[in-house]
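Student: I would like a close look at one part of this model, with the cut-offs stated as you go.

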Amino acid sequence: MAGMWSGSAGLRGTLGVLLAVIALWEAAVWVLAPPPIILPPPSRIWVDFVEAPGYFLRNSWYTLSTTLAGFALSVVLGVGLAVAIVNSRLAERIIYTLLVALNSLPKVALAPLFVIWMGTGVEPKIAIAVMLAIFSIVVDTVLGLRSVDPDAIALARVNHASPFKILVKIRFPNALPSLFVGMKVAISFALVGAIVGEFVAGSAGLGFVILVAQGQFDTSRVFVALVLLGILGTILFYIVEAVERLLLPWHVSQRAVARPDGH
Amino acid sequence: MAACVEIRAAGKTYGSARGPVIALSDVSMDVAEGEFFSLLGPSGCGKSTLLKCISGLEGISTGGIRVRGQALSGPPKGLGMVFQRDVLLDWRTILQNVLITAEFQGRPTAEVIDRARALLERFGLGAFQDRHPWELSGGMRQRASICRALLCEPEILLMDEPFGALDAMTRDDLNVELTRIWQAARRTVIFVTHSIAEAVYLSDRVAMMSAGPGRIVEIVAIDLPRPRPLSIRETPEFARHVAHIRGLFAALGIVKE
């Protein structure tokens, strides 16, 4: 995966495919001429964006900050819960049961409740983002904290390491790769959560932009918001992946193929 | 010689889904201070379990184990442990991996770091201390894990089939290095192996173990002179020891004649 995206050739390929799709879309709209309310051409979407870039970027920023706040909170809370789950049977039973029950509820159905509790500001949106994102963080972190070589723990115990040292020196670094798997899922879920929040009660953000444009049957503006959402989600995902590469150069998935001097 | 490890009528029983399993039965032995002592036997004879019990990582069900006069409750002080797999942590360099035993107990001092470097140098890993484990061969990795065990200058070194996963040539190398280190430091070593030749080459005494239930059937003294070059394995005395042990195992029906 990494190789596909890291090389400039890979990037050129991706951009090429994207441009081809846009060109095809433009041509199709020209040829088939569907009503603009059904499908506007890419050129129209671009014009709409350029006419009011401040409006779109301001609302993108709002959604982005909500997403990042929700994501950061999910990571902090999720890792904390995972540590508690791994360290205590009781915590495992309580937290896991609650988490699984919560996760099986459709979060959209919970959104109005959060609005009642927290008002129409940014707080309920962050809360919904956390609700959506935290599950994968907890599940993957628990997995990572648990899949430790028993001999590594034995080594620590023979050397009289405290449980805290074992957590910091062995369990946590060992869990990082799987925490990143969880984070890559969570970052997209946090964005979905932010949009859901804006749909339910919003006066800003890309979700709000979509609702307003829909009310005015302005399909082109809906598309501007969708494209911005796509770009936002993609960039966020690759930022997480870049951080992963930076922090985990030692992990199997990141290693170069060659093994210098191994004999 | 003072006894470093005393084991009296030790037994261990596991509960399992199909009823209790007797892993160790009535094990009694003494390991002297500074002795190189091997536990030899086929797989399933409980030799690794016995080592885990001596390390304090696992408790025994009956009998008693004393290390330097102290009854065991958890891992005793001054213990070094080497496992069959090297258990090096991928995110740490070789030097950092060696230092971890010190880090478990506090912040490594400059002196400890120097000692780690010196150990790596002595095991031929000086040039590799800033590499990561996956960049090294199996033999080099196991060398690093021995350095890790030796860093805190343990009084007792427990080794659980440390060379079992290595090729024969690397194994020979490490056998020689281990005897050399042991000769210089004279710490107590308890070494688990299923190779008769390895046990004879390394040990002062060999405890022969048998399965079902795991027990010691015989303790054999190896009176070969030290230092022992690898070539000692071609001498008639060495062959006599190996034949003696093999014969005993065969008489017990543990190996085929």
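Which cysteine sulfur is closest to the sulfur of B:Cys53, and how far away is it?

Tutor: The model is predicted, so local features need pLDDT of at least 70 and side-chain atom pairs count only at pLDDT 80 or more, whereas totals for chains, interfaces and linings use all residues. Residues are numbered from 1 along each chain as its sequence is written, chains are lettered from A and ligands numbered from 1 in the order in which they are written, and side-chain values use heavy atoms, without hydrogens and water.

The closest cysteine sulfur to that of B:Cys53 belongs to B:Cys45, and the separation of 13 Å is too far for a bond. A search of the whole structure likewise finds zero disulfides over all chains, a disulfide being a pair of cysteine sulfur atoms within 2.5 Å. B:Cys53 is itself buried, at a relative accessible area of 1%, where buried means under 20%, exposed over 50% and partly exposed in between (1.4 Å probe, protein chains only). B:Cys147 is in no disulfide either, the nearest cysteine sulfur being that of B:Cys152, 13 Å away, and B:Cys147 is buried with a relative accessible area of 0%.

Elsewhere in chain B, B:Arg180 is partly exposed, with a relative accessible area of 46%. This arginine, B:Arg180, lies in helix H5 (residues 168-185) of chain B, helices (H or I, at least four residues) and strands (E, at least two) being DSSP runs numbered from the N terminus. B:Arg180 and B:Arg228 are 48 residues apart along the chain, and their C-alpha atoms are separated by 9.0 Å.
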